[in-house]
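Hi,

Here is the structure we talked about. Please have a look, then read my notes below.

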Amino acid sequence: MMGDEGLCYTVDDALLALGFGNFQILVLAYAGIGWVSEAMEMMLLSFVGPAVQSAWNLSPHQESFITSAVFAGMLIGAYSWGIVSDKHGRRKGFLITATVTAAAGFLSAFAPNYLLLISLRCLVGIGLGGGPVLSSWFLEFVPAPNRGTWMVVFSAFWTLGTIFEASLAWIVMPKLGWRWLLALSSLPSSFLLLFYKVTPESPRYLCLKGRTTDAVNVLEKIARLNGRELPSGILVSDNQIELYDTGNPSEGTNLLSAGKNDGEPPEGVVSNLGGVSSILMLLSAKLASGRSKCVPHNLDGGKSPDVSYKDVFIASFAELPGLLLSAAAVDKLGRKLSMSTMFFLCCIFLLPLMFHQPEGLTTSLLFGARICITVTFTVVYIYAPEIYPTSVRTTGVGMASSVGRIGGMICPLVAVGLVHGCHQVLAVLLFEIVALLSGVCVMFFPVETMGQDLRDSLSSLNNINST
């Protein structure tokens with residue numbers, strides 16, 4: 001109730017009333033295709049690198065740089081597309097990323113030389129950097145009570161993509177070669193372009209930008225497809241509620257500090273400064289509160305042995321129990337405890353690998369470690385979008401993702417180099433240290449987002465930080 005103005009409701013209220021239904025299933029399917037596409041483009045690096053090394057007589061360093069180039073592109077894209085989608089809308093963000101990924105991915109199949117292949121794969125990485133845009137877009141349609149569970153379901157599309165890519169490589173690589181694999185793996189991104197016209201804009205984004213009529217139209221469409229009714233009253237944003245509450249101290253809310261000009265935009269709403277203001281907002285204190293004998297690897301033939309595809313295919317299934325574990329933990333243990341526990345368990349699984357182990361035990365330990373990393377990966381992609389307000393959500397998740405891509409760039413150059421140099425113990429130790437430090441860092445995260453409503457602006461996070 002807002003005084004004499006009558007009843008009002010927020011996007012969170014509307015989504016809660018409308019529930020998770022047919023509309024969200026369609027949004028999940030569309031965003032899931034994008035997640036399948038990203039997983040396939042990442043997974044194919046395991047097969048294309050060795051094949052290209054053999055075909056073009058590349059050095060191990062040149063082979064690893066194919067992967068690093070993709071991550072370098074993702075570093076750029078994750079930040080750039082986040083700003084684009086926060087400023088111009090989620091739909092425009094994933095339209096550009098899907099176009100870049102599909103075009104560059106398909107063209108890389110025809111690359112005549114190493115340098116052009118590297119350039120095109122870097123462009124693919126730039127497009128793949130838009131993954132957080134799709135995950136944030138889907139997140140903004142999900143009611144708060146179901147958010148954890150359905151984000152785990154969304155993450156299952158990544159597992160589907162890795163299994164499908166491993167299966168595709170197992171079938172295509174021995175008969176048709178790596179170029180066909182690159183071309184076929186670009187198709188899922190093209191599907192996003194085919195159905196782009198029917199995708200809705202996020203009502204949170206529309207409401208934040210003052211386009212409440214458009215936001216209501218989207219919510220009405222959700223109501224029709226879900227067979228529900230919208231709450232009575234007028235749709236308002238978090239900022240409007242805060243401004244109203246500011247003028248009504250009897251409601252028990254804190255007043256904004258005096259001295260602010262009436263013409264200034266509400267705190268937490270991105271101005272026309274674009275990326276600079278987004279970064280400054282992200283740095284705000286309010287967001288802070290709240291195996292056998294070593295033999296050098298050489299490929300003598302033009303094809304990798306079939307066992308490589310089979311092993312990767314089997315290992316991909318480790319993500320399935322990881323997803324089930326994520327679903328069981330994320331809304332019971334919380335985001336922070338789930339992530340930190342899995343990081344520490346990953347360390348336990350990796351520790352025996354510093355010493356020579358039988359092949360079966362090695363496979364089992366790696367299977368367990370992958371389960372743990374799958375859980376952390378799944379939960380962090382739930383946690384990160386929940387931390388940031390709508391005004392900078394995709395920028396924030398994009399920047400966090402881009403930092404992660406630095407590890408993706410360094411890993412092939414360092415870890416793979418250590419293995420090729422017969423320093424497997426150091427390679428395992430490197431992963432041990434990173435996983436251990438990550439688990440410790442998660443423990444010091446100031447905010448637990450389980451069960452919390454998403455926020456539209458920076459100032460609205462006060463409600464979270466004060467609880």
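Start with helix 2. Of its 22 residues, 17 are buried, so helix 2 is largely enclosed by the rest of the structure. From first C-alpha to last, helix 2 reaches 31 Å. That is close to the 32 Å expected at 1.5 Å a residue.

Keep in mind that this is a predicted model.

Now the overall picture. The protein chain has 22 helices and two strands. It holds 467 residues, and 51% of them are buried. The chain exposes about 20,900 Å².

Next, helix 10, which spans residues 187–194. Which of its residues are buried? P188, S189 and L192 are. These residues sit on the same side of helix 10, because they cover an arc of only 105° around the axis. What covers them? The cover includes helix 2 (22–43), helix 5 (90–107), helix 7 (131–139) and helix 9 (178–185).

Last, the cysteines. The disulfide count is zero, with the cut-off set at sulfur atoms within 2.5 Å. C346 is in no disulfide. The nearest cysteine sulfur to it belongs to C372, 5.6 Å away. Is C346 buried or exposed? C346 is buried, with a relative accessible area of 3%.

Best wishes

How values were computed. Residues numbered from 1 in each chain as written. Predicted model: local features only at pLDDT ≥ 70, side-chain atom pairs only at ≥ 80, totals over all residues. Heavy atoms only, no water. Helix = DSSP H or I, 4+ residues; strand = E, 2+ residues; numbered from the N terminus. Buried < 20%, exposed > 50% of the residue type's maximum accessible area, 1.4 Å probe, protein only. Areas by Shrake-Rupley, 256 points an atom, 1.4 Å probe, with all protein chains shown as cover. Arc of directions from axis to C-beta. Contact = heavy atoms within 4.5 Å. Expected span 1.5 Å × (residues − 1).
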